[in-house]
Amino acid sequence: MDDLNEKKERQRTNLQNKSLHRFLRELASALNDSGTEMHVAFKDIEIPWNEYILKSFWKKIESIHTEGKTSTTEMTTKECIEIYEIVNRHFSQFGVSVPWPSIEEILMKQRIKEDIKNNEYSRHH
């Protein structure tokens, strides 16, 4: 498509950026919990997964998928979801799959934490 006919896609939103970072943290936790280790071959040491390692992985996929975009700020809303699907599909091969964070999911987790906290408080008082 030429530039005149190409539909202008919106840049990824701030909420998508927050969701991206939450997804990366939750994916790192799930990978570590599952025992899926990352090896640094030249040092032969195991390094636990973390958000920053996974963001580096995300950016490599982003660059390939978007033909050169190197920053998550350059992604469109559509590209953000497409890259999530690629990353999540990759790690699901190792038995680890993390849903894209949604407002409903975040609220549900907060309610669960509050319920646990309230139950612990009521047991001790």
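How many salt bridges does the structure hold? I counted 4 salt bridges in this predicted model. I recorded three of them below, after noting that side chains of opposite charge can pair when their charged atoms come close.

**Entry: E26 and R22.** I found the side chains of E26 and R22 joined in a salt bridge at 3.1 Å, N to O. Both residues belong to helix α1, and being 4 residues apart they are separated by about one helical turn. I noted E26 as buried, at 19% relative accessible area, and R22 as partly exposed, at 26%.

**Entry: R25 and E51.** I then looked up R25, which forms a salt bridge with E51, the closest N and O atoms being 3.7 Å apart. R25 lies in helix α1 and E51 in helix α2, so this pair ties together parts that are 26 residues apart in sequence. R25 is partly exposed at 42%, whereas E51 is buried at 13%.

**Entry: K69 and E79.** I recorded 2.8 Å between the closest N and O atoms of the salt bridge from K69 to E79. K69 sits in the loop between α2 and α3, and E79 in helix α3, so the bridge links parts 10 residues apart in sequence.

**Entry: helix α2.** Which residues of α2 are buried? I listed E51, L54, K55, W58, I61 and E62. They lie on the same side of α2 because they cover an arc of only 120 degrees around the axis. I found that these buried residues pack against α1 and α3. On the other side of α2, I noted Y52, K60 and I64 as exposed.

Methods:
Residues numbered from 1 in each chain as written. Predicted model: local features only at pLDDT ≥ 70, side-chain atom pairs only at ≥ 80, totals over all residues. Heavy atoms only, no water. Buried < 20%, exposed > 50% of the residue type's maximum accessible area, 1.4 Å probe, protein only. Helix = DSSP H or I, 4+ residues; strand = E, 2+ residues; numbered from the N terminus. Arc of directions from axis to C-beta. Contact = heavy atoms within 4.5 Å.
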